[in-house]
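Welcome, and please load the structure in your viewer before reading on. We will go through it stop by stop, with something to select each time.

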Amino acid sequence: MGDLLVFVLSGLVSGALYALLATGLVLSYSASGLFNFAHGATAYLCALTFYELHSGLGWPAVPAALLVVFVLAPGLGWGLDRLMFRRLAHVGETAQIVATIGLLVALPAAGLWAVELLADAGAPVKPAENRFGLPGVGPSPATSWQLMEGVGIDSDQLITWVVTALVAVALWVLMRHTRIGLQLRAAVDNRSLTELRGISADRLSSVAWMIASALAGLAGVLATPLLGLSAHDFTLFLFVSATAAVIGRFASVPLAFAGGLGLGVLQNLVAGYASFAESITGFRTAVPFLILFGGLLVLTRRARTAGIAAVDAPPVDHLAGASWGRRWGVWAAGAGLLCVAFYTVTTPFWSGLLAQGLAVALVFMSFTVVTGLGAMVSLAQGTFVTGAALVAGLLMSRGWPFVAALAVGTCAAAVLGALVALPALRLGGRSLALATLALAFLADQVLFQLRWLRNGDTGWSVPRPVLGPVDLSDDRALGVALVVLVALVAAGLSALRGSPSGRAMLAVRSAPAAAAASGVSVLRTKLLLFTLSAGLAGFGGVLYASYNTRITATDFTAMTGLVWLAVVVAAGVRRPQYAVVAGLVYAVAPRLLSDYVTESAHLPVILFGLAGLALANDPDGYCAAVPVRRARRRAAASGTSPSPGSASQGVHSRRSTPDPSGVPLPNPRAWHASHSDGADAALELRGVTAGYDGGLVLHGVDLVVRRGEILAVLGPNGAGKSTACRVAAGSLPVAGGEVRIRGRDATGDGAVRRARAGVLLAPEGRGIFPSLTIEENLALYLPEAAARAAVYDRFPRLAERRGVNAGALSGGEQQMLALAPLLQRPPEVLIADEPSLGLAPRVAQEVYALLTELRDAGTALLLVEEKAAGILGVADTVAYLSQGRVAWCGPRDEVEADRLTDAYLGTGT
Amino acid sequence: MLRPIRTLAAAAAAVALVSACNSASTNGTSPGGTGSAPATTRGVTADSVKVGGIVSMTTAGGYSKKDTDLGAKARYLRANAEGGVHGRTIEYLGAEDDGQDPAKNMAAARKLVQQDKVFAVSPMSSVTFSGADFLEQEKVPTFGWGTLPAFCGPRHIYGFNGCLVPTPGGTLNQTWPEGIGRILGGAHGKSVAVIANDSDAGKFGIRTFQQGFTSAGFTVSYAKASVPGTAVPSDWSAYVKEILSSNDGKAPDAVVSVMQTPNNIGLFTALKRSGYKGLLSDPTDYDPGLLAQDATRQALDGVHVLLQFQPFESDTPNMARFKADIKAAAGGKDVPLNMHMLTGYMSADLFLSIVQKAGKDLTVESFQAAAQGFSDTGTLVGDRALPKGQKDSFGCGALVQLKNGAYEVSVPFKCYEPIPFK
């Protein structure tokens, strides 16, 4: 029993650190939707700073810790958010994962480089290597107390517990009892709705990143005595604490916090009682990753599964339909030149380096399959490489010929890939990435510890083959052989992409349900992709090992796989030839940098990490960016005139696709044109064209709403009603035309600024935050308690249930909740997208009554409805929208039944 | 940029790259091939010998061996100050940083040989040695810390104090068991607990030391590779409890850890807190730098540390010269000594001693011939003998004890008779 108590107590120490890190992960995830692999690196950087301030510069521990946690760490979070995370929120998941992996290596290197530079400048900093038993905030060495027989604690543990408890309370107060906390929770619930409510998601993102970084900084300072100054250990620690974030489903701070504590205890208990597994080498080491993998399998919601990349829209293929020569000419010429160069200009050293780059390129092409074609992020490619090479080496030591060993090794990797894929495929996105990472660590720590497989630290010799007259132990011959292999694989992958199975893979990637409906087996397709990719990685791995002439179990670890992914994605993952570029750059760039740029070992790592920044602009990598940008510029130069509005739109024109076909003139029959003097118009749309990447939806829409007036916009499905709402509210930028608020040009304003100017959108469905209580929903719009009390007086039904989550209300009550605070403080303009959708007629009438009341309070209302029946009773003006144009607009009493019919049948123009 | 300018820039970059590739192509030895000419004189001129090094300096794990470079420099400086070897000065290029990365280790070996054209690599000290096969194939004499299997077997690769990885059929170095036996006043009837990390390497360590301690007369009451290998446990109670009752319910006379410093700090602190009064020992914590932190000083107080070279505390002339050389190489500053300096210094020393023996006509072949049958005595690593040192450790060592913030020699440096390893 005493044992159990000790295991629990001391498990709570690492548990507290897990909890701090996991909380930060959840906060930053909810702020910008990305899993921050660099969170542990942030903690390390803070630990390093704390150590230098305290031990190097001689500051007292507490001020140093306070500076790190309250100034430095939040500052770092703020800076990274401004520079990077905010922009990454809009790109695909792969680019997000990779950008933070880049930071994972860059941040520690930056810290060490800074220490190096400071030391050179004569500052009294201490070197960061070989430091053990470092002091934390408490006394060093730690004071220890014996609580009872066999149960003791020390001051470092006590400080960790107390501080973590204080943080838990502070977080609770912050999230539950402050306005910023309320807004943060609202943003987690429905990010776009917070923007429509005038709360800047960017500002929230900054706040969340600052808090997350501060928590990482705190964990770093507290963990200094335990982990020392090992960036590697901090990162491992982070991966484990990811389990706690999974427990909190990346959304719930309290769950993640509790999960972290529980995880520490569980880990300690398993390690303490794992004597049953003593015969399995590495089992105890692997416990955290077993927990991580198990946690992911059990806890991940089946929202998005592997290989669905709705956000990963492919870049425009500017060479679509081009001739073979244009598509491949450059690459073929490059390959030819490389082959010639091997035997003419390159020195032995560079021949070796280029051959190595080509061998790595073979491995890198496996990412083209799994991530490029399959949209799955696999962090286990290093495992497949090691597995295949070890098997091949084992067989060659038994006298097998190279080719046979290569074949068996490749198959072994493929089988390993299938084994990894089977449990992991039901996960998606970051969960799949984490699961493959956990499996990669498990393989490192258990599978590759098997003595018969790894052959100790000696590993296996993988001699280079002699194929007939060609002896590949000459680097030049190996180089040429690799060029041929790389070309074959690239051609094979391109053929696969164009084949029926390749199309099935792409179908599964973008629309699994539709693919399944067309008779494509989603699971089998994904399994095939994963297996193929693992096999390819294994194939490349055996050749890489034969370049090295040896394989040991520690040559390619899980962390290597992480860095590889970053290198490939930075170059571009959609085409095999980009992987070749990545391989060559990976081999050659460090040498060029150290020869011509810098002697420092840190600077290249920092530069590599910052490549992640570039992904925020070109999420498809630098290889893809070059031709795409060139093609775009060529298209621009060849005389396509920009659409009329784009010049005045500034930043917004960037995201919308200009329509080369030009914009039709505003509808000459628009009624308002003769009517409008603009002076009393609360909201005006003038000649607005707008749409999505697929094409334009609105083709020159003019609408005017005045104070105290209800404009009803009617139209059939697909007429562009919701698009018009979104344009009016600022959540969709226009491609052309103008939006004016009270006569002022507001075209360039986003949703936040429009909302602050008094233009609110009640989006289709219900404009509420389902996970917040009624009280909290109201408080977002009405911070003053008196105003909320007035709402409760008016709506006793809401008052009765003020502590209930809004998601538990009926549809009518939810609509009531969305409108109630507006009555209390009427906005300038309310845009309501189908306010009666899904409501019983009686309830819809109630809603219309509320809207009328708003009009009487002076609000200008723009109501969009599909069904005309109810709304015609309240509207002052009616506009018909048909095929993206205003077909008719006029006062309600001029509405004629056949006009209405025409509008719906689309014959009104 | 305008298109023609961009094209020009790209072409210029390509030319620059090709010429960069080509810049080092001076007198071509057979590229990538083995060069079967009888006399290999790469890096040797009438008055100089070119030598490089490979050392892990920057790592993500926070462990660095960068002082190895300083140690080597110190030894070469002295050799050059004494007029070189047979009239040839040593041109030491400094050490390449491999960052504990196998790929970089290989790249560093290739650069030193193919681009810098060194005669030898000394020192080579890292946790990975993927360049070993290449160096062996290119016939590059290489000297370093023999903790990796590549130092045992290949003809051109030498450990500065021998090969430290026992191979079945080879021998086991008995310094540790014999030394601990001496401190305890005899091994018979004494029990020892051996603990290691939960990995294949840990298991192998357990196997060798279990045999070593048993044949020295100890009862091995606990021998487990049970401590997680990646993250340091925050809680040691499970291990402590098991160890302290392993000797038929009682505590063993000695606890021996074959783990790295952070683990040792945790384990020893926990053992002491639970009242353990027996002997503690490990082979890694002889680093005067550790004394700078109060926490490590307290955690390691009383611990006997195994070393396989003369302790810095001994007052032999060799050691005095070592200290003077290091000070000179560090620019006259008193730097705290550590074992990495000694690794570098003695790697260089073994290399120089063989060059000396090879005589005026220095080629790889004459060097290798001189190495066969090379032996000397009384160095900082004891009695050296080749080719025995390419299969076994030189078998010498000492124990030092950390007491009140300073290391004291508890068992003086001595060479022991090795035992066969089964």
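Predicted model: local features only at pLDDT ≥ 70, side-chain atom pairs only at ≥ 80, totals over all residues.

**Stop 1: where the chains meet**

Colour chain A and chain B separately and look at their contact. Chain A brings 67 residues to it and chain B brings 61 residues. Now select helix H1 of chain A, residues 2-32. This helix gives the most to the side of chain A that touches chain B, with 7 residues. By class, that side of chain A has 28 polar, 24 nonpolar and 15 charged residues.

**Stop 2: H14 and H21 of chain A**

Next, select residues 381-397 of chain A, which form helix H14, together with residues 522-548, which form helix H21. Their axes come within 7 Å and cross at roughly 55°. That angle makes H14(A) oblique to H21(A), and H14(A) passes H21(A) in a right-handed crossing.

Show the side chains where they touch. On H14(A), look for residues including A:Phe384, A:Val385, A:Ala388, A:Ala389 and A:Ala392. On the H21(A) side, the residues they meet include A:Ala537, A:Gly538, A:Gly541, A:Val542 and A:Tyr544. The contact of H14(A) with H21(A) divides into 10 nonpolar, 7 polar and no charged residues.

**Stop 3: H4 and H22 of chain A**

For another pair, select helix H4 (residues 93-120) and helix H22 (residues 558-571), both of chain A. They pack at an angle of about 120°, with their axes 9 Å apart. H4(A) and H22(A) are therefore oblique to each other, and H4(A) passes H22(A) in a left-handed crossing.

Which residues of H4(A) meet H22(A)? They are A:Thr94, A:Ala95, A:Val98, A:Ile101, A:Gly102 and A:Val105. Their partners in H22(A) are A:Leu562, A:Val563, A:Leu565, A:Ala566, A:Val569 and A:Ala570. By class, this contact of H4(A) with H22(A) has 10 nonpolar, 2 polar and no charged residues.

**Stop 4: the largest nonpolar core**

The largest nonpolar core holds 433 residues. Select A:Ala392, A:Val568, A:Val705, A:Ile831, A:Leu861, A:Leu863 and B:Val194, the members that touch the most others. Helix H8 of chain A, residues 201-227, gives the most to this core, with 18 residues.

Leaving aside neighbours within four places in sequence, A:Leu861 is in contact with A:Val705, A:Ile710, A:Leu711, A:Leu830, A:Ala832, A:Leu851, A:Leu854 and A:Arg855.

Notes
Residues numbered from 1 in each chain as written. Chains lettered and ligands numbered in written order. Axes fitted to C-alpha atoms, helices over the stretch in contact; angles between N-to-C directions. Helix = DSSP H or I, 4+ residues; strand = E, 2+ residues; numbered from the N terminus. Parallel < 35°, antiparallel > 145°, perpendicular 65-115°, else oblique. Left-handed = near helix turned anticlockwise from the far one by under 90°. Contact = placed C-beta atoms within 7 Å. Nonpolar A, V, L, I, M, F, W, Y, C, P; charged D, E, K, R; others polar. Core = buried A, V, L, I, M, F, W, Y, C linked by C-beta atoms within 7 Å. Buried ≥ 20, exposed ≤ 12 C-beta atoms within 10 Å, placed from the backbone.
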